[in-house]
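Here are my notes for a first look at this one. Have the structure open as you go through them.

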Amino acid sequence: MLNNLHVDDDRGNARMTRPAEQLATDGVTVVRGFLAPDDAADLRRTVYEVYALLTSSQHVPNRRLATNFRVWDGVWLKALPTFLRRDRPDLADHYERARRLVEAQVKRTLGNEWRFFPKRSYFRRHLGMGKKVGWHIDADGATIFKVAASVINVWLPLEAVGGDLPSLEVVPRSHTIMRGVPMLTGAHRARDDAFVSAAGESSSPQLQLGDALIFDQFLLHRTQNAGSSDAVRTSCEFRFVRRSVPSLQTLSGWARYHWNAVFSSDGALAAAAKRCLDTISPVKQ
Ligand SMILES: O=C(O)CCC(=O)C(=O)O
Ligand SMILES: [Fe+2]
């Protein structure tokens, strides 16, 4: 059974559940029926209503909520409750209930130490192949590592994916490799095909409404190359964080991250040098 965290062995010692174990070894796990059918349908309805509300809103007071929605049809969950509470308290209650359910399921499936991380959680509406996201890890691609060392994405598609609509394509076990690879800090934080095929074989799981794909922030993944140009797929990216004792690997990751942020050709030092040069020798018109 997937839902018990502590399975006792013959001597009564607790060990990890299969999803927790698989998440640790493969960096990714699929949990079928993560949400019960009614709960999944409620979540879907709620997310669709949030999209309808944001689409029809003349003014969204929170700037980051408004910008994410305008630029990539993303809904930033940190600002969502306050926005809903003001205009649609009924929808705020529905969202809160769904979020709590997801959190309870994460704790039950993976352990009590995981906490919801709204600052890096979103709904995403993927409109056609134009919005396809290329190969990346969330650690640098979604600037997660900057904020926390141990983070997972509980990815819940609100339509069946892996057939007509794109699932996520993942490279199992790539999280171990990627923890040892310098993170990207510039505007382009994608990895190319050659890099990814050297990291291992990929797979694109078929998922139904209610299934969850849960993965580590260092796992290589992208939007599956599937679906027509007018495909619409909506999904939830609920990220969860846990306290972790900083390991040597984590500390060297931090060091590498900040080293890159300062010294790379598009990092802070390069930007400062450019500003300085621009001041000394302004471009002639
Ligand atoms: O929705 C997609 O296709 C990409 C999502 C993604 O990269 C993520 O949830 O981290
Ligand atoms: Fe991602």
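1. Strand 7 and strand 9 run antiparallel and are joined by four bridges; strands here are DSSP runs (E, at least two residues), numbered from the N terminus, and two of them pair if DSSP finds at least two bridges between them. Across this pairing, Asn153 stands opposite Phe215 of strand 9. Before going on, note that this is a predicted model, where local features need pLDDT of at least 70, side-chain atom pairs count only at pLDDT 80 or more, and totals for chains, interfaces and linings use all residues. Residues are numbered from 1 along each chain as its sequence is written, with chains lettered from A and ligands numbered from 1 in the order in which they are written.

2. Strand 9 (residues 212-216) also pairs with strand 3 (residues 28-31), antiparallel again, over four bridges. Here Phe215 is the bridge partner of Val28.

3. How many residues of strand 9 are buried? Five of its five (buried means 20 or more other C-beta atoms, placed from the backbone, within 10 Å of the residue's own). Ala212, Ile214 and Asp216 cover one side, Leu213 and Phe215 the other.

4. Now look at ligand 1. Asn153 turns up again in its surroundings, with Trp155, His221 and Glu237 also among them (C-beta atom, placed from the backbone, within 6 Å). Strands 6, 7, 10 and 11 each supply at least two residues of this shell.

Definitions and conventions. A residue is buried if 20 or more other C-beta atoms lie within 10 Å of its own, exposed if 12 or fewer, and partly exposed in between; C-beta atoms are placed from the backbone.
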